Amino acid sequence: MMATRAKLLQAELKHADTLSTAEIDRLERELARWMEDCNSSDRASLDWTLRFLGSAIATARRGYGISRSNTRFVDLRAPFLEYAEAVIARRFPGGAN
C-alpha cells in the first residue's frame, strides 16, 4: 500500500507544474477509495477493472512521451492499476478464473 502511495507521489511530483493543489488532494482521496474498493471487491469486479483501466492506460501509452496529456494520464493512473493487480494476486492466488 505504501509503495502505491509513493508511486502516485512520484507521478504528482513529476507533473507538479500541471497539477493544482485541489487535483492532488482529489487524487489522494481517489486512491484511498480505490484501495478500499479493491480490497472489498469480488474477483469479477476486479477483473473488469483491470480490463477497463488497463485498456485506457495501454491506449495512452501509445502517445507516452509524445503527448503531455497521455504521459500524465499514464503516470498518474499506473499506480491504481498496479494496486488492483497486487490485490488480485494477494486475494485470489492461483491465476485467472
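This is a predicted model: local features need pLDDT of at least 70, side-chain atom pairs count only at pLDDT 80 or more; totals for chains, interfaces and linings use all residues.
Tucked away on H2 are Leu 27, Leu 31, Trp 34, Met 35 and Cys 38, its buried residues. Looking down the axis of H2, these buried residues fall within an arc of 100°, so they line one face of the helix. An α-helix has 3.6 residues a turn, so residues three or four places apart point the same way. Turned away from the buried side of H2 is a face with the exposed residues Thr 21, Ala 22, Glu 36 and Ser 40. As for the cover over the buried residues of H2, it includes helix H1 (2–14), helix H3 (43–61) and helix H4 (68–91).

On to the rings: there are two aromatic pairs in the structure. In one, Trp 34 and Phe 80 have ring centres 5.6 Å apart and planes at 75°, so the pair is edge-to-face. This pair ties together distant parts of the chain, with Trp 34 in helix H2 and Phe 80 in helix H4, 46 residues apart. Trp 34 and Phe 80 are both buried. The other pair, Trp 48 with Phe 52, is stacked, at 5.1 Å centre to centre and 5° between the planes. Both of these residues belong to helix H3, where Trp 48 and Phe 52 are four residues apart, about one turn of the helix. Phe 52 counts as exposed because its relative accessibility is 54%.

Note on methods: Residues are numbered from 1 along each chain as its sequence is written. Side-chain values use heavy atoms; hydrogens and water are left out. Buried means under 20% relative accessible area, exposed over 50%, partly exposed in between (1.4 Å probe, protein chains only). Helices (H or I, at least four residues) and strands (E, at least two) are DSSP runs, numbered from the N terminus. The arc is that of the directions from the helix axis to the C-beta atoms. Contact means heavy atoms within 4.5 Å. Rings of Phe, Tyr and Trp (its six-membered ring) pair if their centres lie within 6.5 Å; planes under 30 degrees apart count as stacked, over 60 as edge-to-face and the rest as tilted.
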